[in-house]
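Student: Before we begin, could you take me through this structure slowly, setting each value against its definition, so that I can follow how each conclusion is reached?

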Amino acid sequence: MGSPGPTSTEEASRIGESKNAPHGQGEYDVYSTFQSHEPEFDYLKSLEIEEKINKIKWLPQQNAAHSLLSTNDKTIKLWKITERDKRPEGYNLKDEEGKLKDLSTVTSLQVPVLKPMDLMVEVSPRRIFANGHTYHINSISVNSDCETYMSADDLRINLWHLAITDRSFNIVDIKPANMEDLTEVITASEFHPHHCNLFVYSSSKGSLRLCDMRAAALCDKHSKLFEEPEDPSNRSFFSEIISSVSDVKFSHSGRYMLTRDYLTVKVWDLNMEARPIETYQVHDYLRSKLCSLYESDCIFDKFECAWNGSDSVIMTGAYNNFFRMFDRNTKRDVTLEASRESSKPRAVLKPRRVCVGGKRRRDDISVDSLDFTKKILHTAWHPAENIIAIAATNNLYIFQDKVNSDMH
């Protein structure tokens, strides 16, 4: 299952069904926990580098082991996760404690055997990719060639080979000669799921640039620019802030891109640059509260978005531990809540509704009583099944779709 996003300085992988449970009645438990990064100090810049993880990306599985990339602001690490449930016994040259025997005492030879043991999960660092970024890393993406990946900070995108740690290739550099001329920064980037030469990056001005690495070594000139013209009637002091793209995801088919800005999620067709083909309002009721959200810095929150396995439903987070789902075929949407009550086994999630003044139904929540400290920034959808992971502050919720669900 793809990672729902980092919620602490440690990473926890999770396993699904317990061995005795029937398929679809999963009991989840912590599979492995390990410290990914430690606090560091940059003495040249007198800057403390937090251990906080910014992104986690799984690599396609090549063998029995799992591999993942994790990054904080400056350093990317490649980890290998392996399982051991058997141990060898019956060595000829070692005793039970592992010490070498006196060879003169060995009078016969035996074939060592593998005996079952309690499952052990071993995590080992395979590579450390450091010193590639001057600014804070905001995204990493593994290429479909399974050999390279890219990392992006505010002004540059670097291409790395998974086997080479001491150098990377700069493929995008938007840093102006004079920093006073800086008008936008890179906010997210992702490789195309099928074409290893294509990638997209988003900007704080709400634009998307599709780049082709076959065209030039430095992709400062994009192949396509996706940008929606601004409606002059909606222009305000906050327009540029709320139009900043916080996440971009290619669909599994590779035909569409999904972007999230502060108030909306948009679906773009790679063949149409002029405007998105679909726009969904996530929490339009906050439009009247942008001033207070700006003062509390909530307006700068970076929400992620996710596709389901068939690209027919999209999901993204909101405030008050709410998350939103939009069915692209039926055009229906639903607001659900990740809470302790809803996470009881076999509990059914009830749709929630936020009202803005006027008549209130019994279960409605007033926009004035929303808790802006409870926010769902990270979400993930199982690539093949209707299982979702929701990271709400320091809790990870995993929900499974019931059979014959109306929504999915």
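Student: What share of the contacts in the protein chain with a separation of 6 or more is accounted for by residues 24 or more positions apart?

Tutor: A contact means heavy atoms within 4.5 Å, and of the contacts in the protein chain with a separation of 6 or more, 51% are accounted for by residues 24 or more positions apart. Please keep in mind that this is a predicted model, in which local features need pLDDT of at least 70 and side-chain atom pairs count only at pLDDT 80 or more, while totals for chains, interfaces and linings use all residues. Residues are numbered from 1 along each chain as its sequence is written, and side-chain values use heavy atoms, with hydrogens and water left out.

Student: Why is leucine 103 called exposed?

Tutor: The word buried is used under 20% relative accessible area, exposed over 50%, and partly exposed in between, with a 1.4 Å probe and protein chains only. Leucine 103 has a relative accessible area of 61%, and therefore it counts as exposed. This leucine 103 is found in the loop between strand 7 (76-89) and strand 8 (113-129), where strands are DSSP runs of E with at least two residues, and helices are runs of H or I with at least four, numbered from the N terminus.

Student: What makes strand 28 (residues 387-392) largely enclosed by the rest of the structure?

Tutor: Six of its six residues are buried, and therefore the strand is largely enclosed. Across the protein chain, buried residues make up 43% of the 408 residues.

Student: How do you know that strand 28 pairs with strand 27 (residues 376-381)?

Tutor: Two strands pair if DSSP finds at least two bridges between them, and strand 27 and strand 28 have five, in the antiparallel sense. Within this pairing, alanine 380 has alanine 389 of strand 28 as its bridge partner, and the two strands form a hairpin with five residues between them. Strand 28 also pairs with strand 29 (residues 395-400) over six bridges, again antiparallel, in a hairpin with two residues between the strands.

Student: Why is one side of strand 13 (186-191) left without a neighbour in the sheet?

Tutor: The open sheet has four strands in the order 13-14-15-16, with antiparallel pairing. Strand 13 and strand 16 (224-226) stand at the edges with a single partner strand each, so one side of each has no neighbour in the sheet.

Student: How do you know that lysine 266 and glutamate 228 form a salt bridge?

Tutor: A salt bridge is a side-chain nitrogen of Lys or Arg within 4 Å of a carboxyl oxygen of Asp or Glu, and here the closest N and O atoms are 2.8 Å apart. Lysine 266 lies in strand 19 (residues 264-269) and glutamate 228 in the loop between strand 16 and helix 1 (239-243), so the pair ties together parts that are 38 residues apart in sequence. With a relative accessible area of 14%, lysine 266 is buried, whereas glutamate 228, at 34% relative accessibility, counts as partly exposed.

Student: What makes the contact of arginine 324 with aspartate 333 a salt bridge?

Tutor: Their side chains meet at 2.8 Å, N to O, and the pair is a salt bridge. Arginine 324 is buried at 9% relative accessible area, while aspartate 333 counts as partly exposed at 43%.
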